[in-house]
Amino acid sequence: MAVSDGRNLLVYKELGLVSQVFNEATLATLQGDLGIGHTRYSTTGSTTWDNAQPAFKTDGQRSLALGHNGNLVNTAYLAERVGRAPGKATTDSDLVATLLSRTLDRGLWDGLLEILPSLEGAFSLALMDERSVFAARDPHGVRPLSIGRLPNGFCVASETCALDIVGATFVRDVEPGELVRIDDRGVHGERFAPAARRSLCVFEYVYLARADSRLRGRTVYEVRRELGRRLAVEQPADADLVIPVPDTGHSAAQGFAEVSGIPYGEGLMKNRYVGRTFIEPSQSLRERGVKLKLNPIPDVIRGKRLVVIDDSIVRGTTTRQLVLALREAGAAEVHTRITCPPIMWPCFYGIDMSTRQELVAADLSVEQIREYVGADSLGYLSRDGMVAATGSPSDSLCTACFSGEYPIAVPEGSGKFLLEQPTKS
Ligand code: SF4
């Protein structure tokens with residue numbers, strides 16, 4: 001987090017989960033009227049303290065802090081422009097912070113209007129100096145960014161569920177290509193780039209966003225339910241019970257059950273405590289595989305022909321372990337249904353699917369994937385079905401990881417332009 005009392009900008013960041021980094025004592029030191037926060041999902045650059053955000057830069061007189069959701073594709077150009085200046089951070093976000101720090105004498109607003117047009121790729125940015133908070137969204141609007149009103153001010157967040165939690169009411173989205181400033185005079189927005197083809201990431205609906213968030217006016221819960229309904233029509237199954245893979249599969253499984261008439265049940269219990277620790281599990285625990293996270297409930301599934309609703313298959317290893325675990329728990333048949341099409345292309349806009357090699361659908365047919373994961377049948381929702389469920393026109397969404405049609409040009413051999421090999425946090 002970064003906070004300011006109007007005179008001093010202070011950043012407190014650490015590796016780990018929010019609940020491990022912040023406690024009463026650390027929070028008590030963060031005093032001020034404005035602030036930003038970021039939990040980083042590593043795409044470009046490794047998981048190190050320097051790469052944790054907010055990135056902080058100062059020219060000795062003025063300072064800035066920056067949080068970045070997304071991924072830039074012209075990092076080679078930006079790195080050249082920066083001259084790989086001093087600093088240990090290796091992220092695209094740090095390059096942007098460095099470029100901005102060189103404009104601080106003119107003020108962050110002017111610096112942003114100069115630098116933002118040179119960024120290519122996906123970015124939803126939250127920034128601040130000592131006196132103002134700024135927000136900016138790339139001209140394609142790949143990642144969401146919403147403005148909320150508080151009783152005594154304003155806020156921006158990458159998901160509307162965060163606005164609900166702090167008691168803010170949704171005002172509007174930051175427009176693609178818009179820079180917004182929030183200060184004691186309120187909210188002021190200005191375009192830094194002309195409108196481009198809108199390309200909201202469709203995977204936000206499928207997997208990333210929380211079900212209680214709203215995207216383009218629709219709750220993600222309702223869209224996922226519709227994904228399930230359409231999946232039941234496109235990929236029916238002869239089965240006794242529909243079960244979700246928690247958590248994203250819940251709403252889709254309800255939609256599937258509603259249309260198919262097959263009863264809905266909870267056959268997998270999610271371990272609430274895994275994912276809440278930053279400690280690597282021991283080898284013996286890791287060998288427990290998927291059961292660390294998801295444990296089948298034998299009394300629910302024994303002897304049943306199951307339809308298992310999951311959001312996506314990336315590498316296929318988890319699905320394979322899951323099918324095996326369900327069989328061991330007594331399932332008679334396992335029919336796997338996926339609420340999106342096969343992921344065949346890497347994402348260069350901020351999701352950690354960076355090479356084709358790690359995508360099981362890049363080389364295998366649906367039948368070969370079925371065989372690999374060990375399911376009795378496997379069905380994916382079509383691209384048209386997925387897009388229709390969102391309620392948005394196809395040409396206003398990014399679907400590149402399914403179609404290979406990238407809305408923002410990705411430089412040839414882009415992998416080598418990354419400053420480091422991506423790692424998963
Ligand atoms: S490539 Fe896929 S995951 Fe990446 S932004 Fe586009 S739709 Fe989203």
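**Reading the labels**

User: Why is Cys347 called buried?
Analyst: Buried means under 20% relative accessible area, with over 50% exposed and partly exposed in between (1.4 Å probe, protein chains only). Cys347 has a relative accessible area of 14%, so it is buried. This is a predicted model: local features need pLDDT of at least 70, side-chain atom pairs need 80 or more, and totals for chains, interfaces and linings use all residues. Residues are numbered from 1 along each chain as its sequence is written, and side-chain values use heavy atoms, without hydrogens and water.

User: Why does Cys340 count as buried?
Analyst: Its relative accessibility is 0%, so Cys340 is buried. Across the chain, 51% of the 425 residues are buried.

User: Which residues surround the ligand?
Analyst: A residue is near if one of its heavy atoms lies within 4 Å. Among those around the ligand are Arg143, Phe203, Cys347 and Cys401.

User: How many residues of each class are in that shell?
Analyst: The shell has 10 nonpolar, no polar and one charged residues. Ala, Val, Leu, Ile, Met, Phe, Trp, Tyr, Cys and Pro count as nonpolar, Asp, Glu, Lys and Arg as charged, and the others, Gly among them, as polar.
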